[in-house]
Amino acid sequence: MQSLSTLPGWEATDPFIALEAVRGACAYRQGRQYARVCDALKAQSFEQPDEIKHWLEARFRVERIEGEGLLTAYFVPEYPATTVPSAEFSQPVRTKPADLVLVDGAQMTPPQPAGKRFAARRVGELYVPYYTRAEIEAQTVTGPAYYMRPEDYFFMQIQGSGYLTLEDGTRFMAAYAADNGLPFVGIAKTLTERGLLKREQTSGEVIRQWLADNRGPVAQEVMNQNPRYAFFSIDMTKMEPLGAAAIPLPAGAAIAVDPSFHSYGDLYWVDADTGSLTGAFPAYRRMVAALDTGGAIRGQIRADLYMGHGDRAGREAGRVKHRLRLWRIVPAE
């Protein structure tokens, strides 16, 4: 194992981001493998950035995860919403439907791998895959609902949650509640293959603007190419975004990972460069805590960096598509 000081970019990294990552890891199940470090941190105070670095260097070691992958980023958006639908605000915020259940793959028709849970609906005595995006959007919403711009809602589903603000100023969170279990398909490929956008123009903000400019059947047909559909719960009290680990996400210091390869609460070093999108920041090199997951996050060297909430975080997150290398950070003792 190697010292933190050998990591690419360690000398230039922001030690306060590293400290927030450690605190995030410590908040998950009393720190688990980092429990002794977390206990020491409780009694520690720092006056200078270098003090943080020296303290971390004495308590952690790193091990490289071989290979290269992809770093993207996400944020919690803030969107306007209404209680009455209109031509602009036509998209209902859909909550988890009563007929959506999770069943073992062996119960599915057609059969799926046993021991894994799948989103399904019951048809007679059979459990079949849940509806696609297009099928869900064709269904009528009953009862009171909140309405958003369709493109805003589509991106909120990708991000996993969002803050909504009503006409009277009421602000609340729409938090991820469930999804239909179908594969995530990015619409950037659809837009480029159809010649609607150039490959280097597929940042989040450009795609969102295209959807807004083509709002209606044209944009909806493109969005339907992604069959995955997320449902939300409305929470008027919770204002702090939580990751899948049920821990508040520190902006810039938390990542979503594939839990098949990584454990929640573990610390990592990300070294990401060669961004492929216009306006991208050259590199991201920092310590982060694995506190979340996502439908598009698959593979061992794959991470989604949480940027925070609001427009500024959203603009940066939409430009992150960088080559990624990962190091696992473990206690020195």
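Guide: We begin with the annotation. In this predicted model, an unreviewed UniProt entry places the feature "domain: Lytic transglycosylase MltA" at residues 78–233.

Visitor: Which parts of the chain does the pair of Y130 and F231 tie together?

Guide: Y130 belongs to the loop between β7 (126–129) and α4 (133–137), whereas F231 belongs to strand β11 (residues 230–235); the pair therefore ties together parts that are 101 residues apart in sequence. Both Y130 and F231 are buried.

Visitor: What kind of aromatic pair do Y229 and F231 form?

Guide: The pair of Y229 and F231 is tilted, with 5.2 Å between the centres and 50° between the planes. Y229 is buried, as is F231. One aromatic cluster is formed by Y130, Y131, Y153, Y229, F231 and F232.

Visitor: Which charged residue sits over the ring of Y131?

Guide: R121 does: its charged end is placed 4.0 Å from the centre of the Y131 ring. In another case of this kind, R64 lies over the face of W327, at 4.7 Å from the ring centre.

Visitor: R121 has now been named. How far is its C-alpha atom from that of A98?

Guide: The two C-alpha atoms are separated by 9.4 Å, and the residues are 23 apart along the chain. A98 is found in the loop between β4 (91–92) and β5. The relative accessibility of A98 is 84%, so A98 counts as exposed.

Visitor: Which residues have a positive phi although they are not glycines?

Guide: Q30 is one of them, with a phi of about 55°, and R32 is another, with about 45°. Q30 is located in the loop between α1 and α2, and R32 is likewise located in the loop between α1 and α2. As to accessibility, Q30 has a relative accessible area of 67% and is therefore exposed. R32, at 33%, counts as partly exposed.

Visitor: How many disulfides does the structure hold?

Guide: The structure holds one. C26 and C38 form this link, with their sulfur atoms 2.0 Å apart. The pair joins distant parts of the chain: C26 is in helix α1 (residues 15–27) and C38 in helix α2 (residues 35–42), 12 residues apart. The handedness is read from the angle about the S-S bond, which is -90° here, and the link of C26 and C38 is left-handed. Both cysteines, C26 and C38, are buried.

Visitor: Is the peptide bond from T109 to P110 cis or trans?

Guide: This bond is cis, and its omega is near -5°. P110 is situated in the loop between β5 (101–104) and β6 (117–123).

Visitor: Let us close with a single residue. Is T202 buried or exposed?

Guide: T202 has a relative accessibility of 12%; a residue under 20% counts as buried, and T202 is therefore buried. T202 is placed in the loop between α6 (187–193) and α7 (204–213).

Visitor: Which backbone oxygen does the side chain of T202 reach?

Guide: The side chain of T202 reaches the backbone oxygen of R199, at 2.9 Å. If neighbours within four places in sequence are left aside, T202 is in contact with A188, T192, I207 and L277.

Terms used:
Residues numbered from 1 in each chain as written. Predicted model: local features only at pLDDT ≥ 70, side-chain atom pairs only at ≥ 80, totals over all residues. Heavy atoms only, no water. Helix = DSSP H or I, 4+ residues; strand = E, 2+ residues; numbered from the N terminus. Buried < 20%, exposed > 50% of the residue type's maximum accessible area, 1.4 Å probe, protein only. Phe/Tyr/Trp six-rings, centres within 6.5 Å; stacked < 30°, edge-to-face > 60°. Lys NZ or Arg CZ within 6 Å of the ring centre and 35° of its normal. Polar contact = N/O pair within 3.5 Å; in protein donor to acceptor, adjacent residues only side chain to side chain. Contact = heavy atoms within 4.5 Å. UniProt positions renumbered as here; feature names shortened; annotations may be inferred. Disulfide = S-S within 2.5 Å.
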